[in-house]
Amino acid sequence: MMNEEIPNLTAFDQAALDQAFAAVEHQARNDAAALDNVEALEAFRLRWLGRKQGLLNEISSRWLKAAPSEAKKPVGERFKILKELVERLLDESSGTGPSDAALAAEAIDITLPGTRRLTGAEHPITRTLNEITSVFAALGYSVGVGPEVETDFYNFESMNFPPGHPARDTQDTLVISNQDRRPLRDRLLLRTHTSPVQMRTMETQPPPVRIIIPGKVHRNDAQDATHSPIFHQVEGLCVDTNITFSDLKGTLDHAMKALFGSAVKTRFFPSFFPFTEPSADVQISCIFCGGKGCRKCKDSGWIELLGCGMVDPAVFRFAAEKQPAYDPKKISGFAFGMGVERIAMMKYGISEIGQFYAGDMRFLSQFS
Ligand code: PHE
């Protein structure tokens, strides 16, 4: 193609040169007039200025290099002018830019929203755990943890559930299989509450103790809207000289106000736990109706939220086996335990406990 477009010159006189150069100039202008997009512009650049096969290169070899020595100068001058013309045409065409259609095809719409990156968020259970922990941290409590696979001794016996005692039936227990040859107190189970960490803490630390223990617990319960076989608790333990039930009431009343708002009232209802005496269930005034009575509080105006009580002397006697300072004649204390899911469901108005574990982004992203 190119060979045909740039014929060899047969004469190198002024007229012949003028005519030959005028023809290619004309061609260049024609080519440039048709440029209407970036691809065409690039094709034009390659066709005319391409290093190996460009037309100017062809003209240089066929006309300039082939010229007899007396014609080199006029050919060279004309070649220079032609080259400048081609470069100017290219410049001007890129100046006017590609056509509207070409522009539209390549345009970036800066009014479109950017690609949003999902930032992580605390799971509502983790968030509630942290909130509860920090309320007590502000009261001088430290944070402790214990194993989720626990022995019968820590989960039950040391918490004053003697072997065979019917109180054990209140916590349907998932036990690890194939342990029949072990003594009962060494058999492993999935802890049914965080209370065993009370004993683990006292065994390693003499009084005074103020500790808060968040963690996962397991019970052989069927799942329904408000129950799950795996859930979370926060345990609290405070032991010192002269700790009274008033301290327990004041501490939990403050904690409930910190968690649910200062308008919340608390009341303590007689209850039973093997490891506390006396024991109480703490109720808060219904946060949905303010205590007037509604569907959520079954028209009672109160919602039951946690268990608590004064540490039973029997528990201290187990602790005193390793730490003699836990002498129930000299010290006293209180303990409490609360369900994290229940508190999170109240705080965030969640009616299905299963939402916490389903991993559904539509649910979870509401907490980001
Ligand atoms: N461990 C009890 C439960 O799981 C709660 C509790 C803790 C009660 C501490 C009193 C004191 O039901």
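Predicted model: local features only at pLDDT ≥ 70, side-chain atom pairs only at ≥ 80, totals over all residues.
**Entry 1**

Is F356 buried or exposed? I found a relative accessible area of 3% for F356, and since the cut-off for buried is under 20%, F356 counts as buried. I then looked up F363, which has 6% relative accessibility, so F363 is buried by that cut-off too.

Next I counted ring pairs, and the count came to 16 aromatic pairs. F356 and F363 make up one of them, with 6.1 Å from centre to centre and 75° between the planes. Why is this pair called edge-to-face? The label applies because 75° is over the cut-off of 60 degrees.

I also checked which cluster these rings belong to: F356 and F363 share one aromatic cluster with Y348, Y357 and F367.

**Entry 2: helix α12**

I moved on to α12, which spans residues 340-348. Which of its residues are buried? I noted V340, E341, I343, A344, M345 and M346.

**Entry 3: charges over rings**

Last, I looked for charged ends sitting over rings. Where does the charged end of R200 sit? I found it over the ring of Y154, 4.0 Å from the ring centre. I noted K296 as well: its charged end sits over the ring of F288, at 4.8 Å from the centre.

Technical notes:
Residues numbered from 1 in each chain as written. Heavy atoms only, no water. Buried < 20%, exposed > 50% of the residue type's maximum accessible area, 1.4 Å probe, protein only. Helix = DSSP H or I, 4+ residues; strand = E, 2+ residues; numbered from the N terminus. Phe/Tyr/Trp six-rings, centres within 6.5 Å; stacked < 30°, edge-to-face > 60°. Lys NZ or Arg CZ within 6 Å of the ring centre and 35° of its normal.
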